[in-house]
Every structure is written in structure tokens, then in C-alpha cells.
Amino acid sequence: MAVQKLYAGVKLRELRGRLGLTQKSFADKLGVSLPYLNQMENNNRPVSTTVVLSLAQEFGFDVTELQSGDEARLVGDMREALADPVFTGPAPSIADLRLAASNAPALARALLDLHSAYRQTHERLASLDEALGREDARLQPSPWEEVRDFFHYCDNYIDAVDRAAETFANQAPSGDVRLAALRLLEGRGINVSFEDVPTTRHYDAETRKLVISRRSNQATQTFQLLLQMALITKEDLIDATLDFARFQSPEARSIAKVGMANYFAGAALLPYAKFLSAAQETRHDLERLADRFGASLEQVAHRLSTLQRPGAKGIPFFFVRVDPAGTITKRHSATTLQFARYGGACPLWNVHRAFESPNRWLRQLAETPDGIRYFCLARDVTKSGGAFDAPTRRFAIGLGCEVRHAPALVYADHMDIDTPQAFEPIGISCRICDRKNCHQRAVPPLERRLRVDPNHRGVLPYNVD
């Protein structure tokens, strides 16, 4: 099999900019000629082995960052956006999209922002009763989408917050982060109480009282305690991190602030080095990890998708949470697998079947249209309201990685990962899936022409060219 060439011009330019070096100085340190460096930075030549070694030896650069998922995510996002009927004419080839993502990522993201603004305007026009009379109706990204994309392009790993949380956890007496958080808050004059209330968490800044619901399970109580502690004691760190994001609205920044506090809580409950070591030791057995760290299965699965610290990376996982209607409510991916940004996810994915088999792990070998094969794990999770008259929330969580990592997972034991026929064909969403005879297809692919024969009916009521 041919070795895939590595083009990383953007990463090279970013590193040179951080170091404040001219092209000539950078070329000298890498041991290459100035024209050769120029060609590599413009993706006219692949990065050579010599340059990769020089980056590691001369600058201590984590060479795995040269193959970060930014380009693959941009290609997937652009391909889905360009499938919108608003774009007339033939769609750009995958090769063109890859060139745009690697050579001009800022332009690619600008295209996605433009399409997002168009789509939001279209949705507002389709809901005139909601838009009429609103003075704040204007072209801007949805705050939720803006924050989601921020974490998406950070590989769901925030180094400064992650390390601060790990330091806090390592300094906790006997590793008890719950006790450490209580002492820290009480030292700040904050009264913490656990009461029989329906609200999961409430903090009154005037009375300096934090109330956490006793109805929540132990893992949720600890997580909420750590989250509020981060909002109170780590505000400067969180605000400094958010300054780099340059969110376009105060609503987006507020949402991101809560997201950062959530991130801190998860990273403190499951500190990076200890959790990574335990994950490798248990072969990523989620139940053993949950028991060892006093966390929920969802918290453990989510944390596994964030283990992308330079120089100490774990397996690149994707993590997703789906509600019974099929709506994706959480999604994070350190892999090349992309989730549908608009519309529903592929119905052939095992995460949708988790509701049919409560309290069971579902395993799946899956292949996406680009030929990449994955090991997928899914299970339902139930969140009780803690009272007879309180609503119970039901979700399904999905966790997965490329199949080459499957031997490191206990769940993949005894699965036939070497047989191509064992892999089920899945896609991102029907609108951009190229598969012609999928029995679960909901709508035709937007990039294909259709032929309809009134006298013939196959798997679908039409044929896809």
C-alpha cells in the first residue's frame, strides 16, 4: 500500500509565526533550502522525513499535530454545506475541497460562516410569526452553533483549562476532588448545602450560598460542585481562554463560559494523566473507569474524546449523545468522522438502536463512504428526575474510533475486524451520502441526478445516477 504523503503547509506557517522566524531562518534551522521550505508552506511539496525529525529535535514540536483533524473536518463541513441546493452547478471535487482546506482554511471557514448566515436567514423567513416584531433579528451565527464550532476546531481539548483542572485534582487530599472543592468554596465564605430540591444546582452570589440537589446521583453532584467552583475560583483563567475565541455575541461567550466550566469539572473529576493511564490499563472499559473515578458512563465516554494533549495523546475517539427523536445533543470528534451539522444522522448507525436494548452495550463495525472503517459502541443512558413526578430524561451515547485502534478496546474482543463484509455501510446524513441502494434512505442525495420509472420499484422509488 502506498504511503500517504503529508502536506502541512498551514501548520508550518503557524509554527514559524509563533517562533517569530523569517522563512530563511526557519529553513536554515530545518536544514532545507529557502525555495524548498516555500514550496512546503504552500503545499506544493509534502513535508519530508528530514523536516519532521528537525521539527521534533530543533523545536520540540509534536509532529502528530501535522496530521490534525482540522483539514478533514473542514472538508466534511464544506462538502455538506455545498450540498445545499442554493449552490447551483457541479459541486467541487474532493481534491479541490482538500486544497482549499489545507491552503486557505480561513477562507473555507468564511464560506461556512456565510452559508450558516444564509441558512439562518432562510429559517427566519420561513417563520415570519417568530421574526416579525423582533428588533434583534440580524445576520449572525447562532450562539449555540458558534460555541459548538469553537470546541469542534479545538479537537475538544483546551490545554490551559485541562492542566489547571489536573493540578487541582492532584493537589486534592487523598485524591478526593469533592472534598477539595467543598473546602475551597467554604474557604471563600461560600455555604454549600445538599437539599431535596428539583433544581440541579443554584448559586446565589448575594447570600454566597450554593445549593446542589440531593436528588441527583453522586457523580452528578460532584460534577456540579466542581463546575460551580470553576465559575467562582477560575474565572480569570476561563475569561483569558475565551478572549482568544473572539465570539461574535455576548450570548455565545456566556454559553462558552459555562462550557469551559463544564470542561474543567470533567477534567478535575477525571484528571488527564491518571485517567489516560487507567483507560489504557482497563482497555477502555467504561464501567470500570466510572467505578474507579466515581463518574457516570456519559462523563467517562465524553472524557475519552478529549484525550488529545500534545505529546500524550490517547486514542482519537468520537463521542455523541442522541435523544429518542434522533437529534444529536452533544458531539465531539477527534477522528475524521463527521457528524451531520444540519438534519438527522444516519439511521444505520448503532447509536439509534440503543433505545431498543436498554442497559446493553451495542457493538458495530462500520464503514463510511470515504472507505474509513470504525469500531462503534453505543448504549442508552437514563437520567432520573429523582422523584415520582419528575421527568426522566433518556439518551443514547455513542463512542468510537478507527478500527485500527480496536485491539486496545475490551469491547472489540472476538469481533471479526479483518473481514470487509463485517462492516456495515453508514454515512453522515442522507443528503450528502453517495450510497445508491440504502434501504433506510430518507431523502435523495443532493449531488446526484434521479431517474424515476413509474413501472418499476426497487429498494427506492427512484434510481440514483
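Visitor: In what sense do strand E2 and strand E3 pair, and over how many bridges?

Guide: In this predicted model, E2 (residues 201–204) and E3 (residues 209–213) are antiparallel partners, joined over four bridges.

Visitor: Which residue of E3 stands opposite Tyr203?

Guide: Leu210 is the residue of E3 that stands opposite Tyr203.

Visitor: What about the hairpin of E2 and E3: how many residues lie between the strands, and which residue takes a positive phi?

Guide: Four residues lie between the two strands of that hairpin, and Arg208 has the positive phi, near 55 degrees.

Visitor: What is the strand order of the open sheet of three strands?

Guide: The order is E1-E3-E2, and the pairing is mixed. E1 (191–195) and E2 are the edge strands, each of them pairing on one side only. From one strand to the next, the twist averages 15 degrees.

Visitor: And E1 with E3, parallel or antiparallel?

Guide: E1 and E3 are parallel, with five bridges between them. Glu195 stands opposite Ser213 of E3.

Visitor: Turning to the open sheet of six strands, what is its order?

Guide: Its strands follow the order E5-E4-E8-E7-E6-E9, again as an open sheet with mixed pairing. At the edges are E5 (328–333) and E9 (424–425), each pairing on one side only.

Visitor: How many bridges join E4 to E5?

Guide: Five bridges join them; E4 covers residues 318–322, and the two strands run antiparallel. Within this pair, Val322 has Ile328 of E5 as its bridge partner.

Visitor: Now the helices. At what angle do H2 and H3 pack?

Guide: Helix H2 (residues 23–30) and helix H3 (residues 34–41) pack at about 100 degrees, and their axes are 9 Å apart. Angles of 65 to 115 degrees count as roughly perpendicular, and H2 and H3 are therefore described that way.

Visitor: Which residues make the contact?

Guide: H2 contributes Gln23, Lys24, Phe26, Ala27 and Leu30, while H3 contributes Leu34, Leu37, Asn38 and Glu41. Sorted by class, the contact of H2 with H3 has five nonpolar, two polar and two charged residues.

Visitor: Next, the largest nonpolar core. Which residues touch the most other members?

Guide: Phe168, Leu286 and Leu304 do, in a core of 73 residues. The helix that gives the most to this core is H14 (residues 250–269), with eleven residues.

Visitor: What does Phe168 touch?

Guide: Leaving out residues up to four places away in sequence, Phe168 touches Val177, Ala180, Ala181, Leu184, Leu226, Met229, Phe264 and Ala268.

Visitor: What other core lies apart from the largest one?

Guide: Another core, of 20 residues, lies apart from it; Val320, Trp349, Ala354 and Cys376 are among its members. As a general background, nonpolar side chains in soluble globular proteins tend to be buried together.

Visitor: Buried or exposed, and why?

Guide: Pro105 counts as buried because its relative accessibility is 16%, and the cut-off for buried is under 20%.

Visitor: Which residues does Pro105 touch?

Guide: Pro105 touches Val10, Leu74 and Ala100, with residues up to four places away in sequence not counted.

Definitions and conventions: Residues numbered from 1 in each chain as written. Predicted model: local features only at pLDDT ≥ 70, side-chain atom pairs only at ≥ 80, totals over all residues. Heavy atoms only, no water. Axes fitted to C-alpha atoms, helices over the stretch in contact; angles between N-to-C directions. Parallel < 35°, antiparallel > 145°, perpendicular 65-115°, else oblique. Contact = heavy atoms within 4.5 Å. Nonpolar A, V, L, I, M, F, W, Y, C, P; charged D, E, K, R; others polar. Pairing = 2+ DSSP bridges. Core = buried A, V, L, I, M, F, W, Y, C linked by side-chain atoms within 4.5 Å. Buried < 20%, exposed > 50% of the residue type's maximum accessible area, 1.4 Å probe, protein only.
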